[in-house]
Structures are given as structure tokens and as C-alpha cells.
Amino acid sequence: MIPREITIPSSSQYLKLIGLYLDPTGSHVLLSMARRGDQTTASELLYLGANSNKIKQTSKFRSHEVTAVGWNEACEPGEPTSRPILLGTAKGQLLETTLAADTDRKFQTASVEQYCTQVFDVGKGNHCPITGISFSRITGTDKYFIFVVTWSRLYQFVGSVANADEPMKALALQQIFNVYLSIPETYIEMTSNKNAWLQLYYSKPKTMPKHFGWLVDDGLFIGQIDPDDGANDEQRSVIGSQDVVRYPSSAGVGVIPLAFVLTEFHALLLYADHSYGKLVSIAKDSVKGTIWVIAERAIFKYKVTREERNVWQIHMEKGDYNKAKSYCADNPLHMDIILVKQADELFQTEQYEQSALLYAETQSSFEEVALKFLQVWQIEALKIFLKKKLEMLKPSEKTQITMIVMWVVELYLNQLGNLRNEGKEHTNDFRAVQDDLDAFLQLPVVSDNVKNNRGAVYDLMSSHGDKHNLIRLTIANKDFERVIRLHINKGEFMKALEILKSQNLRELYYAFTPALLPAIPRPTVTALIEQGRHLNPSRLLPALINEIIRYLEFCVGQINCQEQAVHNYLLSLYVKHKPDRLMRYLAMQGQEASMVNYDVRFALRLCREQGGCTEACVQLSALLGLWQAAVDLALTVSVDLAQQTVTMAGTHDSELVKKLWLKIAQHVVREKNDIKQAMQFLQRCELLKIEDILPFFSDFVTIDHFKDAICSYDIVEPTDTCCACGIQLLMRPFYFFPCSHRFHADCLLAELDSLLPDAQRERLLELQKQVQSQLAVGGGADAVSTGSTNRGLSLRDQLKAEIDSIIAAECLYCGDYMIESIDSPFIADKDYERIRREWE
């Protein structure tokens, strides 16, 4: 790689470089810049990509003095991001982020860091810079361990990460630290200085480290990493055997290395040189307040400004929170820090309710604070926190108000449900929780929110089975419809009826009469009568009719009542009030008129008078044998219904069936002009022929529409034989009839000789002689007829055509010849005597 010289942005000229961090792949470089001298410029974190010549400023780390970086060892070279990494600050904060690979696009404005989230605070508010961070996955598990080093402690965090086998996603490392929100973190405490360096040794890249080293005052702390301990859920440590290796005496007593590097068996230590000499003294200008620090070959000047700006922090660290607040009343950020620390301290000392009040005044994450109380199951403190947050919300923040109201209500419902399950429904504890809930619901902001979201609150109470509070709330909101419905669902029909009678809402009578009538019929009808003319009887009629229908259906379906009066009445109710059930009833009764339990003629007349029951009229007409009327009605609905009706007619009366099919065909052709569908009827009904439906078509229809129905063909196989002599058909000229009967020409002539009428027989003989004469003389083959009928045919072809018209006019076995010969004796009269003598 060609060396490059890259200039630090001019905006960072007042900052000093306190750290440079390069990731293992060489793709990402971070430069930590801190305030130089008395400048007030905030600390910055700069970024340089491997393929970039320009340093970029990060936006989310401004004012964070980054003192350590833990890179993601699983990151591959060339990846567009660094995957999640950890950054440590001078205040002991642990931040998780993901860096995006940089480019040199001229107008690029996207932020380098994709996100920035504080996942832990090892300093707990103290100035405790983090000097080293490293993390790695425990082999064969979904767990990771994280080492964090400060000036005095080495922290280790062990926890699981979801989908550990996949590339780590954003906020994955936060999952590990979440465990330590409820349990204390594990650490080793040793005396060290600012050079508290951390290094880990890896035998191979992308593998779990074998051991680590930590610079402390007494020497180099060496520890072995034992993955078996970390894999155990009960153990939250991966450090096995450990020892402190003393620094070499040749470096001088008390001289501590600046840094070191680990190999598998050795450590290389780096010591500072004396380029500027050692520090000599420090002095202060009493007039200007300037502070001077003198070294052997350099002088450093410091100017004190806003000395009181950190007094609040001093008092806060001493625990004098009231004084600390007095020094930062005009600084919300500092005030928030004090409140958080005070709340944390109260929480740690188990003063949960007081800490809840303070947490509510801070800008701490709402979810994190709520989770803290849930983890220690301090429901009362959580309710105090939520109520305090609710008081601080503005009326315009409706979404937040709704969320908190719902949560608090659910907490109360959970408490009441638990006490109810424990049999403490009549205890003082139960009454106290109920009174608190009532008082909460009466708060103006809560009352308004519940009214606007009553459906969600009702559903919440219903899910907890708290019908008592649900009914009280609906009554308070004057939601009588829901109150009545709740009583009905509980089976308290009389209570529901009493509430219904107490209200002057007529629509509720129409809505709930169908539900009350089956359960308490007499009181319900009495209540209806008491309303007098205020109710519309026609709107109540369906509810009354429904019960009658239900009873009649019970009689018909369950006890098999076959009385015609019952069936006729049920059918009339179906026709007038439940037409959707009519066809199901008719189908259940069957298609045989003698077997149905109702009066078919009465039913047909009723359906016709009512109207809108065309399908029922079709079925009833069919039951009465009025097939033509049934088909006519069916065609007003659909062609499919008409076809089904014809199918019901059976095949015992072929003429009737044919006539019905012709009705449908005529309708399809003339009304719908659907020639294709009409031709399909020829396949569905064997009684129909093409000539039956041709009259229905207009004169402009071409033969293309009928060629499939008119033209037919069959295949003659080499093995086919003559039906008369049984010899292979293809041996001699033959005739093939549409009925599939086939005969040799000479065999057919021989069979027809006795069946043809005398006139046709004589004509046939004459035609055969003419053909023979044409063949004998060898002429006529080219003679062409000029007659109008056979124009263009030779004379011989005309003779053959006429012969065919006699011989092939109809099949020998299927035609009229065979039918007419049914009464002919097997032996002709003229042959009788001869045959009788032969048998003697």
C-alpha cells in the first residue's frame, strides 16, 4: 500500500489526538479527539475508511471523549460495515454502534455511524475512563463475553445473543448488558494508572482468545480464558487461572510501561522515553488566574474559565443532591444527571417508590425505567412512576396518555385478578386496590381518555374477566347497550331487562328482544306491552317469528313431526320471513310429491304470490309434473337451473324430455345468441339432432358453427371384419355406417336382395347393368353429366352415386329394413316345401 498523508479537518484544530484505533481488518480507523488546553470545543470522534482520503466527523459522538474501542473480531475484510462494536468513554459509558464503510463521494452527507446506544455505565456517574474493551463469542454456544478495563477495574460481562450463528445485527451486544440491569456486574479490582492497557491473545484469527493481559501498578496481570465457566448459566466469569507478573527491575522502580503486546508465551512491554524531560513544577498567576505547568524542556499554559461549572458534579458525587441541584438549575442536562444518579441510589437502596418519583422527572428511557421496576416486581413503584409521567404529559400528547392509562389500568386489573384468585375478594387489600382504581379512573385526564378509547378499555377488562368493573364503567359512561350485552353474556337476563326498561331508548328494545325472548319470554313480552304505541310491532315481529320458526324446526327436525299443517305453516314462514332457508327445506323434503309433508299446490301458490321465490317455484312445479312451466321459470333464472330441471324429469317420456331440451336450446340461441352452448346440447341429450335446432338459428349463421356436429368420422382398423361374412373388411370394397356396422359391398347387396321393395330392386339391377356396360365398352368414364343435380360428374359416377343412395340409405341392421322384416318368417313360402323335404 502506498503511504498517504491525510489532514485532520480544520474544525478539529483545537482538539488533540488522544487515541487512534484500527480494526483488525484494516477497513476502519477511529481517531479520538479531546479538548486541548482551555478550549471549550467538545470532544469529537473522527472516522477514516480504508478506501478514503478524507476524514469524516461523526455526529452521534460529539461531546463523548472516546478512550477505548472494542472491535468485532467476526467482521470480514471488505464488509460494508464494521458490525456492532463497543466504545468506551472517559466517563465510563459503554456505547454500541455500527460504522458504515466510507466512500469519496463528493456530496456524501450520510452519517458514518448507523446508530449510537449507551448499553452500560461502568462508572455509575463517576469519572472513570474506559481504557480497554474486547469481546468474543464462547465457542459452541450462543454466548459472548466482554472485558472492560478502567483505571481500577476489569469488568467481565457474559450473556447470550439471539441468532448467534448469523452475522451480528444492530443492538445485539445490548442483549448481554440487559442481564446486568438486575444483577451486579462482575469485576476484578486492582490499583492501576492511566496506562491500564488490555490485550488478548488469539492463537488463530476468528477464534476464541486463549489468555489476556492487563497493566496494573504491581505488574502485568495475566489470566487464562476458560470457556467452560462462561458456558455455565450459573457462572458469569470466563477467567480461569490468573497471576501478576512483576515488571523488570531494569526499567526502574515504579516505572510502568505505556503499553504491551502479548504472544503465546511472552509479553513485550513499551516504556516512555524522555524527549521533553520530566515535569518540574506547577504555578498559578494570582492576577490573571493562569496556571503554568513546567517540564524540563516545555511550558504548558492553562487558563481557568467557569470554574463553578463542575461544582454540581462534586456535590453530586458526595451525595449532597440538593446543593448539586442549586448549581445547575439553569442546566437541564446536568439536572437530569443529578436526578438519575439520585434515583439510581434510591433504587439500589430499595427505596423504590421515592426513586420512581425522581425517575419520572428525568429524561431516562421510559422503557428502561419501567423494566427496572418490573425486574424487581415493584408494581406499586411502577404505578407511581407511570402516574407521575402522566401528570407531566401535555394534553396534545394523546398517544402517550393513552398508552400510560391503559398500562396503569392493566396493572390494577392484574392486582385485582391475583387477589380474586387467592380468595381475597372481600379483604381490605382488595378494597384498597379497587378504591385506587376508582380514584384513578375519576381523574379528568383519565376519564376523558377512557371515554375516547372505551372500546379498548372494555376489551381490556373483558380479557381479565373483570365484569364487575366493566359493568360499573359502562354505567358511568352511560353505555347502556354494552351494559345490557354484558348482563346477557353473564346469563343475567332479568338484570338486562331491568336496565332496558329503565332507559327511554326504543332502539335497544329492537336490538335485544331477540336475545331476551328465548330466555325470559313472558317478562320480555310484558315489557313490550308496557311500551304500548312507542314501539313499532313490525320491527319486533322478526324476533317473535324467529322463536316460532325455531320451535317448528325443532318439531320437524328433532321429533320428526309429519303433520301437514305444521309443515305448511313453517313453509309459509320461510317464504315470508326466511326465504334463504326455503330451498334447504324443500331439498330436505325430497323430490317425490307423494313423500313430502307439505301441500305442494299450496306452497306453489304461496311462492308465486310472495314473489322472489323463482327457484322454489321451479322445484314445486317440477314436483307437480308441470315440466314445461318449470323449465320456463328456470330459464328466467339461469340456463344451468333449466338443465337441472330437465334432468329431474328423467327419461321415461322421451318426447317430453326432447321438447324441454328444445325449449332450452331455443332460449340459448334466440335470447343469448350462444351458438356454442346450443351445440353442446346435442352431446347432453341423445334425443336431439342437428336438424332439430337448426330452425332456431338465423339465416346469417355459417356452417362453421355446425361442422363439428355435422361432420363425423371413424377409423377402420386392419383387423376390422365384415358384419355379414366375417372376412377382413379391407379385402374388398365396403360400406361403413355411422352406427359402426360395416359390410362388404357384395355382402350388403346379397343381404338386401330380399329386403328391398320390388321397384328399388329392379332399379338397382338396371343401374348395375348400366355400370357393367360402361365398363365393357370402356367409354363413359370421361363423359360428364350436364344435369343440374349432378353437374360436373361423369356418367359412371352418377350411376354409382344412385346405387349408393339405394344400398347405403340405411344400415342393414339398424334401419327400417330390419324392423319391417320382424314379422317375416324365417323360411319363405316358396322355399318351404324344398327345405322340408331336405330335413326329412
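Q: How do β3 and β4 pair, and over how many bridges?
A: Strand β3, residues 44–49, pairs with β4 in the antiparallel sense over two bridges. Two strands pair if DSSP finds at least two bridges between them. Strands (E, at least two residues) and helices (H or I, at least four) are DSSP runs, numbered from the N terminus.

Q: Before we go on, what sort of model is this, and what are the ground rules?
A: This is a predicted model: local features need pLDDT of at least 70, side-chain atom pairs count only at pLDDT 80 or more, and totals for chains, interfaces and linings use all residues. Residues are numbered from 1 along each chain as its sequence is written, and side-chain values use heavy atoms, with hydrogens and water left out.

Q: Back to the strands. Which residue stands opposite Leu46?
A: Gln57, in β4.

Q: What's the strand order in the sheet?
A: β1-β2-β3-β4, in an open sheet of four strands with antiparallel pairing. The edges are β1 (15–22) and β4 (56–57). Each has a single partner strand, so one side of each is left without a neighbour in the sheet.

Q: Is Cys722 buried or exposed?
A: Buried, with a relative accessible area of 2%. Buried means under 20% relative accessible area, exposed over 50%, and partly exposed in between (1.4 Å probe, protein chains only). Cys811 also counts as buried, at 6%.

Q: Now aromatics. How many pairs are there?
A: The structure holds 21 aromatic pairs. Rings of Phe, Tyr and Trp (its six-membered ring) pair if their centres lie within 6.5 Å; planes under 30 degrees apart count as stacked, over 60 as edge-to-face and the rest as tilted.

Q: What's the geometry of Tyr155 and Phe157?
A: Stacked: 6.2 Å centre to centre, with 10° between the planes. Tyr155 is buried at 1% relative accessible area, and Phe157 is buried at 0%.

Q: Why is the pair of Trp214 and Phe221 edge-to-face?
A: Because the planes stand at 70°, with the ring centres 5.9 Å apart. Trp214 and Phe221 are both buried.

Q: Which residues form the aromatic cluster?
A: Phe347, Tyr352, Tyr359, Phe366, Phe373, Phe385 and Trp407 form one cluster.

Q: Switching to backbone. What is phi of Leu171?
A: Near 65°, a positive value in a residue other than glycine. Leu171 sits in the loop between β11 (153–160) and α1 (174–178). Leu171 is partly exposed, at 32% relative accessibility.

Q: And what about phi of Asn560?
A: Near 55°, also positive in a residue other than glycine. Asn560 is in the loop between α18 (537–557) and α19 (564–577). Asn560 counts as exposed, at 51% relative accessibility.

Q: Last one, on α18: where does Leu541 lie, and how accessible is Leu541?
A: Leu541 lies in helix α18. Leu541 is partly exposed, with a relative accessible area of 36%.
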